[in-house]
Amino acid sequence: MKIKQSLKTLTKITKELLASGENERVDYKRNLKGLKSEDLVAFANSENGGAILIGVDEESNGKTQVGVIYGCDTSDKSRLVIMSKALACIPPISLSIYIENTNENPIFRLEIPSGINKPHCTSGGTYKIRKDGRNAVLTPNEILDIYLIKEAKKFNKQFKKATKHLVDNID
């Protein structure tokens with residue numbers, strides 16, 4: 001878990017996430033109460049991970065949906081709430097916490113990478129994944145696919161190591 005330095009402006013990444021509207025890569029939460037463990041799980045189980053902007057809501061600018069900053073409490077207590085939700089997941093979720101726009105309306109940007117130890121679930125056993133701009137329940141077959149991919153990678157790594165050892169020891 002990484003807590004990054006507070007920034008007095010918005011980063012280029014955050015500006016892009018605000019302009020894109022909610023999608024597979026980003027979710028907005030008006031306040032910390034809207035953040036659930038299943039949101040973190042969904043991004044950690046997805047192929048590319050994603051970001052959650054807290055203190056931001058989605059609004060229409062006429063033709064498209066965009067993120068609008070409202071700001072939120074970015075105190076140590078709020079950071080602890082976020083970290084607790086991530087650590088309560090099974091296995092715990094790694095994320096980076098950024099605080100941006102601290103002069104007027106501070107927001108959190110949570111960066112959740114695709115999990116190394118997938119699949120992740122909430123402490124209540126809920127498995128979700130981020131797709132089509134929303135959190136969707138992982139089906140048993142999708143969970144099995146994640147395990148099979150994980151085991152195939154592990155097998156491939158061990159097989160390469162064993163073959164290299166054999167090649168190195170051939171007279």
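User: How is the lining of the largest pocket in this model divided by class, into nonpolar, polar and charged residues?

Analyst: The general idea comes first: rolling a probe the size of a water molecule over the atoms shows where empty space is left. In this predicted model, the lining of the largest pocket consists of 10 charged, 6 polar and 5 nonpolar residues. The space in this pocket amounts to about 580 Å³.

User: Which residues lie nearest the centre of the largest pocket?

Analyst: Of the 21 lining residues, those nearest the centre are N45, S46, E47, K118 and I146. Helix 4 supplies the largest share, 6 residues.

User: Strand 8 also belongs to a hairpin. In which sense does strand 8 pair with strand 9?

Analyst: The pairing of strand 8 with strand 9 (residues 134–137) is antiparallel and runs over 4 bridges. As one case, R130 has N135 in strand 9 as its bridge partner. Between these strands there are 2 residues, and in this hairpin D132 adopts a positive phi near 55 degrees.

User: How many bridges join strand 4 to strand 5?

Analyst: Strand 4 (residues 56–60) and strand 5 (residues 65–69) run antiparallel and are joined by 5 bridges. Here E59 has V66 of strand 5 as its bridge partner. This hairpin has 4 residues between the strands, and G62 takes a positive phi near 115 degrees.

User: With which residues is I54 in contact, leaving aside its neighbours within four places in sequence?

Analyst: With those neighbours set aside, I54 is in contact with K29, N31, L32, L35, C72, I82, I107, F108 and L110. Two of these partners, I82 and L110, are themselves listed with I54 among the residues with the most contacts inside the largest core.

User: Which residues are found in the other core, apart from the largest one?

Analyst: That other core has 9 residues, including L10, L17, V26 and Y28.

How values were computed
Residues are numbered from 1 along each chain as its sequence is written. This is a predicted model: local features need pLDDT of at least 70, side-chain atom pairs count only at pLDDT 80 or more; totals for chains, interfaces and linings use all residues. Side-chain values use heavy atoms; hydrogens and water are left out. A nonpolar core is a set of buried Ala, Val, Leu, Ile, Met, Phe, Trp, Tyr and Cys residues joined through side-chain atoms within 4.5 Å. Buried means under 20% relative accessible area, exposed over 50%, partly exposed in between (1.4 Å probe, protein chains only). Contact means heavy atoms within 4.5 Å. Two strands pair if DSSP finds at least two bridges between them. On a 1 Å grid over the protein atoms alone, a cavity is a set of points where a 1.4 Å probe fits but cannot get out, and a pocket is an open set with protein on both sides within 12 Å along at least five of seven lines; lining residues have an atom within 4 Å of a point. Grid points are joined across faces, edges and corners, and a volume is the space filled by probe spheres set on the points. Ala, Val, Leu, Ile, Met, Phe, Trp, Tyr, Cys and Pro count as nonpolar, Asp, Glu, Lys and Arg as charged, and the others, Gly among them, as polar.
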